[in-house]
Amino acid sequence: MNRIDEERGVLVDLGRDRPQVAPQARNVSPIVPRGSIAGRAVVAVVAIMTFLASLTSGAVLLISASAAEWQSEVASEITVQVRAVSGRDIARDVEVVAEVMRAQPGIVEVRPFTKSESEKLLEPWLGAGLSLDDLPVPRVVVARLTPGTTLDLAGLRQRIAQAAPSATLDDHRAWIERMRSMTGATVVAGIAVLGLMILATVISVSFATRGAMAANRPIVEVLHFVGAGDRYIASHFLRHFLRLGLQGGVIGYGLAVLVFGFSESVTGWFSGTPVGDQFAALLGTFSLQPSGYLVLAVQALLIAAVTGWSSRRTLFATLQEID
C-alpha cells in the first residue's frame, strides 16, 4: 500500500469489474439527493413566489404610506372657492373671506390665490396658452390648520356665506373618504394575492415532495425493513425541503431588495421631470423604510416555513400510503 492509498483510506475490493470504494464513503449519500432536478425546481418556485410576494407587499406598503401622507396633507387644509357674480367685486369678496378665515381659531395660514394663479389651476384640463380673461374664473383661498385642530365648520361656513354669498367651503372630507376606501381595497387585494401565492407554493412543494418520495421509494422501504420509523425518514425529507425553502426565500428576497433599490435610484435620476413628479405624486419617493425591508424578510422566512410545513404534511400522508 503506497502513500497515496494511505491518504485516501483503505479500499474495499468489490470484484474485478467493480470500482473500489472507500468505506467511509458508503453512508455519506443522503436519503434525498440535494442536487436533484426536483430540488432545483423547488428552489426556483420558492424564489419566484418570494420575489412576487415581496414586490406585492412592497407596493402595498408604498401605496399605504403615500395615501397616509396625502390624507395628512389634505386634512390639514381647507379650501374656499369664490365664484364671480354680477354686481359684486370678486377681489373684494376674496379679501373679506380671507379676513374671516384669519379670525378663525385653529387656522395658522391663509393664502388667497391671485387671478393668474387661479387660472393656472385650470391648465391640466384646458391646456396652457389659453386666454381666460372673458371667463368668470373662480378664485381660491387656501387655509392651513394647526395639526390636531377640530374646526367649527358649520359656523365658519355661515360666516363665510354672510361675507360672500358666492363662496363655498370644502374640507376635502369626501376626497379623504375615497382615498381611504381605495387604500383599503389595495391592502385587501394585496393580501388576496399573497394568499394565492402561498397556496401555489404549498401545491408546488406538495407535488415535489411526492415526487421525491416516489423516486426514493425503494430506499424508504428498505429503511422500514430495517426498523426505521416514519419520524426518522420524514426528518430527512423535512430538513431537505426546509433547506430548499430557505434558499429560495433568500434568493427571492435578495432580488426584491435589488429591484426596490434600483427603482429608488431611477426615481432619483428622473426627479424634477414631469414623469418623475407624477411618479412621486403617486408613490412618494418609491423608497421603502427599514421597517418595510424587515417585513419582507419576515415574509421570506414565513414562505420558507410554509414550505417546510407543507412538505411535512405531505410526507406523513405519503408514508402512510407506503406502509
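1. Buried means under 20% relative accessible area, exposed means over 50%, and partly exposed lies in between (1.4 Å probe, protein chains only). Arg-144 is partly exposed by that rule, with a relative accessible area of 35%.

2. A note on the basis. This is a predicted model, where local features need pLDDT of at least 70, side-chain atom pairs count only at pLDDT 80 or more, and totals for chains, interfaces and linings use all residues. Residues are numbered from 1 along each chain as its sequence is written, and side-chain values use heavy atoms, with hydrogens and water left out.

3. Salt bridges. The count comes to 5, taking a side-chain nitrogen of Lys or Arg within 4 Å of a carboxyl oxygen of Asp or Glu. One of them pairs Glu-77 with Arg-144, with the closest N and O atoms 2.6 Å apart. This pair links distant parts of the chain. Glu-77 sits in strand S1 (residues 77-82) and Arg-144 in strand S3 (residues 139-145), 67 residues apart. Helices (H or I, at least four residues) and strands (E, at least two) are DSSP runs, numbered from the N terminus. Glu-77 is partly exposed at 23%.

4. Pairs within a helix. Arg-102 bridges to Glu-99, the closest N and O atoms being 3.2 Å apart. Both lie in helix H3 (residues 90-102), 3 residues apart, about one turn of the helix. Arg-102 has a relative accessible area of 42%, and Glu-99 has 48%. In helix H7, Glu-177 and Arg-180 are also 3 residues apart. Their closest N and O atoms are 3.3 Å apart. An α-helix has 3.6 residues a turn, so residues three or four places apart point the same way.

5. Helix H6 (residues 153-163). Leu-153, Gly-155, Leu-156, Ile-160 and Ala-163 are buried. They lie on the same side of H6, because they cover an arc of only 160 degrees around the axis. That arc is taken from the directions from the helix axis to the C-beta atoms. The face turned away from the buried side carries exposed Ala-154 and Gln-162.

6. Nonpolar surface. Leu-196, Leu-199, Ile-203 and Phe-207 form a nonpolar patch with about 440 Å² of accessible area together. Patch residues have over 30% relative accessible area and no salt bridge; nonpolar side chains (Val, Leu, Ile, Met, Phe, Trp, Tyr) are joined within 5 Å, like charges within 9 Å. Areas come from the Shrake-Rupley method with a 1.4 Å probe, and for residues only the protein chains shown count as cover. Leu-199 is in helix H7 (residues 173-215) and is partly exposed at 47%.
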